[in-house]
Amino acid sequence: MKFYIIGDVTVDHLYHLERLPEPGEEVTPQQASMKPGGAGGTMSVTLARLGHAVTLAARVGDDPFAEYALSRVRESGVSEAAIQRDATLITSTITVMQTRDGERAMISDGAANRQLDPAGFKKKDVEGADALIINAYALTEGPQREYSLAAIEAARGAKTPVPVFIDLGTGAVNKAGTSLLNDVVGADYLMLNQHELQALTGTSSISAALAQLGKAGAQRVVVKVGKMGSITWTPEDTELVDAYRPAGKVVDSTGAGDTFTAVFAHAILAGAGIGGAARAANAAGALAATGFGAQERPITHEDLSAIVPELAAAAPSPAPAPAKTTRSRKTPAS
């Protein structure tokens, strides 16, 4: 299968703390690390490791961080044909502070990612894909938003319409609020957590929020509800899909939601129903959290077929590695 993904690539600075610091306080982390990350990068790496042909559309700076942010993307065989270089802005970075009980604070800089130039978008690349996946940060502002809207239009207007998967993010919803609703409600599959769901719809409960999405025209919604698992919704049915408990210890939830989204899309295209896809995604997100860093713990076909047996026969042949490319052409910030 061919996936076209629009989302950020970042360098993640991860700090595991006993507790979050008070203003002006200095604390010593229990563990600190630097890892490749970003929703676009993590979804791309996850799908490429599962044997799919993946093209990632993102923008990085002309700096050493760019090479590190893209390191796992390259190792996994993701095509860099749609990666742009920015001569002015730096590669995006995220600082994550996380406690053992799951409390988290983040400092995120969109930087070069938000300047993804729509002039570089090639309609045929989306029309030739089997699925388009967009992280909602790419819909919040700047040229990256125009690029994403053009991609959605291309997917819907293709001779054979390309299914669109949109995954929200807390920062994206906090920034754009209910104004984001019109951009995402038409997705074939919309994925978000409980906070994002309620902030997107301006409601105070999951049931009220889902009802509002239904009235707005949503087709299929998956709500990530943490330790409870996930909720799948269609106009005909609502189901709570139980969480998966991994054998390994959960040590870092960074990127778990992005892994969830990638595996959900993988399972849908492999022929699973929405409930089966959510079960596979629950497992993938939980397994990803047993490694430090968003892209550290690979998700395998063996992992998924053990949870959703119908996926056992859906393992694709490994996609051929893309031809080596030279450094992407620099384009000025828009």
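**Close-up views of helix packing and nonpolar cores**

**View 1. Packing of helix H1 on helix H10.** H1 and H10 pack at an angle of about 45°, their axes lying 8 Å apart. Axes are lines fitted to C-alpha atoms, for helices over the stretch in contact, and angles run from 0 to 180 degrees between N-to-C directions. The two helices, H1 and H10, are therefore oblique to each other (angles under 35 degrees count as roughly parallel, over 145 as roughly antiparallel, 65 to 115 as roughly perpendicular and the rest as oblique). The model is a predicted one, in which local features need pLDDT of at least 70 and side-chain atom pairs count only at pLDDT 80 or more, while totals for chains, interfaces and linings use all residues. Residues are numbered from 1 along each chain as its sequence is written, and side-chain values use heavy atoms, with hydrogens and water left out. Helices (H or I, at least four residues) and strands (E, at least two) are DSSP runs, numbered from the N terminus. The crossing of H1 and H10 is right-handed, meaning that the near helix is turned clockwise from the far one by less than a right angle. From H1, Ala-39, Thr-42, Met-43, Thr-46 and Leu-47 meet Asp-258, Thr-259, Thr-261, Ala-262, Val-263 and His-266 of H10 (contact means heavy atoms within 4.5 Å). The residues of this contact of H1 with H10 divide into five nonpolar, five polar and one charged. Ala, Val, Leu, Ile, Met, Phe, Trp, Tyr, Cys and Pro count as nonpolar, Asp, Glu, Lys and Arg as charged, and the others, Gly among them, as polar.

**View 2. Surroundings of helix H1.** H1 (residues 39–49) is mostly covered, with 10 of its 11 residues buried (under 20% relative accessible area; exposed is over 50% and partly exposed in between, with a 1.4 Å probe and protein chains only). Its buried residues pack against strands E1 (2–6), E3 (31–37), E4 (53–61) and E8 (131–135), as well as helix H3 (71–75) and H10. Just after H1, Gly-51 takes a positive phi of about 95°.

**View 3. Helices H10 and H11.** The axes of H10 (residues 256–269) and H11 (residues 274–288) cross at roughly 145° and come within 7 Å. H10 passes H11 in a right-handed crossing.

**View 4. Helices H8 and H9.** H8 (residues 194–201) and H9 (residues 206–216) pack at about 55°, with axes 9 Å apart. That angle makes H8 oblique to H9. H8 contributes Gln-194, Leu-197, Gln-198, Leu-200 and Thr-201 to the contact, and H9 contributes Ile-206, Ala-209, Leu-210, Gln-212 and Leu-213. Six of the contact residues are nonpolar, four are polar and none is charged.

**View 5. Two nonpolar cores.** The largest nonpolar core has 45 residues, and Leu-180 and Leu-200 are among those with the most contacts inside it. A nonpolar core is a set of buried Ala, Val, Leu, Ile, Met, Phe, Trp, Tyr and Cys residues joined through side-chain atoms within 4.5 Å. Helix H5 (residues 142–157) gives the largest share of this core, five residues.

**View 6. Ala-218 in its loop.** Ala-218 is found in the loop between H9 and strand E11 (221–224). With 7% relative accessibility, Ala-218 counts as buried. Not counting residues up to four places away in sequence, Ala-218 touches Val-185, Leu-213, Trp-233 and Pro-235.
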